[in-house]
Amino acid sequence: MSDIPKADELFTSIDYAPPITGWMETPVDFSPGNWCYPAKPEKMEYMDSKLPGLWGKAREWSPGDLDWKLPANWKETVVNGFRERLDKFRSLKVFMDICVRCGACADKCHFFIGSGDPKNMPVLRAELMRSVYRGEFTLAGKIMSKLTGSRVMEEDVLKEWFIYFYQCTQCRRCSLFCPYGIDTAEMTMMARELMHLVGLNTNWIMEPVANCNITGNHLGIQPHAFKDIVDFMVDDIEEITGRRVKAPLNEHGHDILFITPSGDVFADPGIYTFMGYLMLFDYLDLDYTLSTYASEGGNFGSFTNNEVMKKLNAKMYHEANRLGCKWILGGECGHMWRVVHQYMDTMNGDTQGPQMTTPTSPITGTVFDTSAATKMLHITEFTSDLIKHNKLKLDPSRNDHLRVTFHDSCNPARGMGLLEEPRHVIRSVCNNFFEMPESTIREQTFCCAGGAGLNTEEILEIRLRGGLPRGNALKYVQDKHDVNTMACICAIDRATLIPLADYWAPGVIITGVHEMVANALVFEEGEKRTLDMRLEPLPGFEDEEDDWTPPNKEDA
Amino acid sequence: MNALYSLLFVFLLVLIPLFGVDAAHLRTFFGICIPVTAFIIFLIGFIYKVINWGRSDVPFRIPTTGGQFLSYDPKMFKQNKYDCPQTGAQTFVRMVLEVFAFRSLFRNTAASLHETKDGHVVAYKSSKWLWLFAILFHYSFFIVALRHLRLFLEPIPFFLKGMEFVDGLLQIGTPTMYLTDVCLIAGVVLLLGRRLIDPKINYISYASDYFPLVLILAVALSGIYMRYYAKVDVIAIKDLTMGLVTFNYHVPETIGVSFFIHVFLVSILMAYFPFSKLMHMPGIFLSPTRNLPNDTRAKHHVNPWNDPNIKAHAYADYEKEFGVPMAEAGLPLDNPENGKAPEEEA
């Protein structure tokens, strides 16, 4: 932390002028702070025992060393793996061929905006791979390598991949602006798959992946501990509201299985959002259960390779079938919803049990046809529908101390199109809502710079640089509208946006949308709340012994 | 440097037919053999490439969504149909907008850093120059190419005549100057200039980025030279081109050398096309982030290589591993045996 420059210094250090040397000749900085720690060997041994042949050899190694202890046949493995994926993914093959290097994507990447490193321009990030494609697989690239920007696979190239494909958060902002829809996220996924084949990996991704397979969640929370945590939350809710809410775990015979990222079970401020879910469901007397086995909505497999993405995701239907649930309700999470929306049914839809049906709200009767295939509904769709039908008694004034803006998470925005539902919920539960500038929200939203497995301390400066566009937009509404709260629908955001806000817009706190729902939710007529979900006094509702009445109620 | 190489290379290309026709009298070679061969390479290369792309699988539906999706209540939350299509028809419109109006490029913004009295600001402003240059270039090129159909069709269809009339509406000079000729040159020069001047774009440009631009510029200039200055024998050229399409090859003696230069450069462009980034033209149609509807939560999509052997870590194994603490914590077990501590079993 100590060697991170101050925000102002960092800002003025950004230089968009490219280096004198061409990008292929510009050396890569392998000093600490530029890379994530490699995975612990035991995690990779475990993964190899579950999905053999995808991981290279488990070993101790460091990107800071000269020798990365690659297997002897690494080049062959990578080149063959590349060739194989060109046939398996049309996206990859087409994106390798059609880029014209027009540069429309160049200043769309948050990592480029915050660093000025030309290899963070999406076009160059992709060229790291395309140059190899041309050099290894195309005639023009083989005979005129210099003129066509081609090169063959070398150790330096692979090392460069490791640095820069772990400086992409798969946010797809570049793909929105590309005239051909070239999606760097696709290439990052492919490059990471290839690197895994020869044992290049990061612990921040692989430990959660291994944990998730064993314990059901990324954080490795075992079932009894999970229950303890949920019990604690139930206690806290009782302290805040006086009501002891139900929190069914692993119970058979409920209609709905609720799955949310485990990050929300583990740390502030996610737990307040989790408590919000519990309160909402209790308020509705919803026929649902949580699961300790399928206790992870997120899927770090999607940052790894398509095989492990499928394997981790398969738990959701497996558990719904075991417990006899009709459909799945999913919590607030970003990449989880990219996987659920665009991959889940394709990967695992055929494992749905016959008991599963199109999600239907038991409260309003709304049939959610748009999720007829996956049988999985986003919580903001569910809540928005409740609010629309006036099924929730809400007191938005309980959130009056919050001046709120909303951070669209990349995946729901650009891999799903979920833009209005969360806004509808927010506007219904709070009175002070302000949008950040147009170029930084909705489909043009900027990443928290910690997605796709980059939310790790050792690359904090890279993350803070990448967080500049979001942080600066936040600062703008903080200055203009006194915004003090940024809401989001993503568990990774709830972790990464805190240091980002502290750095770029100090004084802004981060909240989940359902934390605000819980604040505003009126359990019963005349219910008095003196504490918010964080067990802090609710401004304007403090517990006072005197018979003070608000000025606007004095006549009543 | 890359730009210079390209310029030099195109210059050398011009010399080939110049000497070939003038000095070596290889009129049939440059008038018939080269263009026919180039056209065959273009056709086969183009088709091969597209088929080759088509043979790769599309395992997942990965449209980049550029707006609100189809909501549970489309009245309350209006779907952005053409940036976030749900149906085939909507996707078709998205593709039409992308191909004919460069929709995504139209969205372009430019980011910049500023130090203001209120602190540091990252600003974004709409930046449509690239879109404008690209539209100018592509449409001019398209119409110029279309106009050349008059050399290969007899009688000349009325729409071509109409198009030529509109194109020459300003009636400047004899023969009448075509607007698209001017626009094409302007488009190429602007795109080239942008590549040379913008340091970011300059940094990412290879010789293979400059070469097609310089080549197209040379094609256009040689065409303009032929038409407006050399005033080549158009009747004789039509004789040749009609011979090409009717497989009745002959090269009239009255055709000047500028024609051969023009045809040679076009031939190079055709032969180069399938091996280059110019394939972005058919490629956009196959781009999975644009040509698929955003409907994977509503409709089942099949991944041809989906591996049924990849299964979840089974719940039964999970319960076996954690059964004892689960039982202690009061969590329900499917198999009560799993809840017994090992020593109890003994």
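1. A:Met275 touches A:Met233, A:Asp236, A:Ile237, A:Ala518 and A:Met533, leaving aside residues up to four places away in sequence. Contact requires C-beta atoms, placed from the backbone, within 7 Å.

2. This is a predicted model, in which local features need pLDDT of at least 70 and side-chain atom pairs count only at pLDDT 80 or more, while totals for chains, interfaces and linings use all residues. Residues are numbered from 1 along each chain as its sequence is written, and chains are lettered from A and ligands numbered from 1 in the order in which they are written.

3. A:Met275 and A:Ile426 touch the most other members of the largest nonpolar core, which has 239 residues. Such a core joins buried Ala, Val, Leu, Ile, Met, Phe, Trp, Tyr and Cys residues through C-beta atoms within 7 Å; buried denotes 20 or more other C-beta atoms within 10 Å of a residue's own. Helix H9 (residues 207–230) of chain B supplies the largest share of this core, 11 residues. Helices are DSSP runs (H or I, at least four residues), numbered from the N terminus.

4. Between the chains, 95 residues of chain A are in contact with 82 residues of chain B. On the chain A side, helix H15 (residues 306–323) of chain A gives the largest share, eight residues. That side divides into 42 nonpolar, 25 polar and 28 charged residues. Here Ala, Val, Leu, Ile, Met, Phe, Trp, Tyr, Cys and Pro count as nonpolar, Asp, Glu, Lys and Arg as charged, and the others, Gly among them, as polar.

Conventions:
A residue is buried if 20 or more other C-beta atoms lie within 10 Å of its own, exposed if 12 or fewer, and partly exposed in between; C-beta atoms are placed from the backbone. Helices (H or I, at least four residues) and strands (E, at least two) are DSSP runs, numbered from the N terminus. Two residues are in contact if their C-beta atoms, placed from the backbone, lie within 7 Å.
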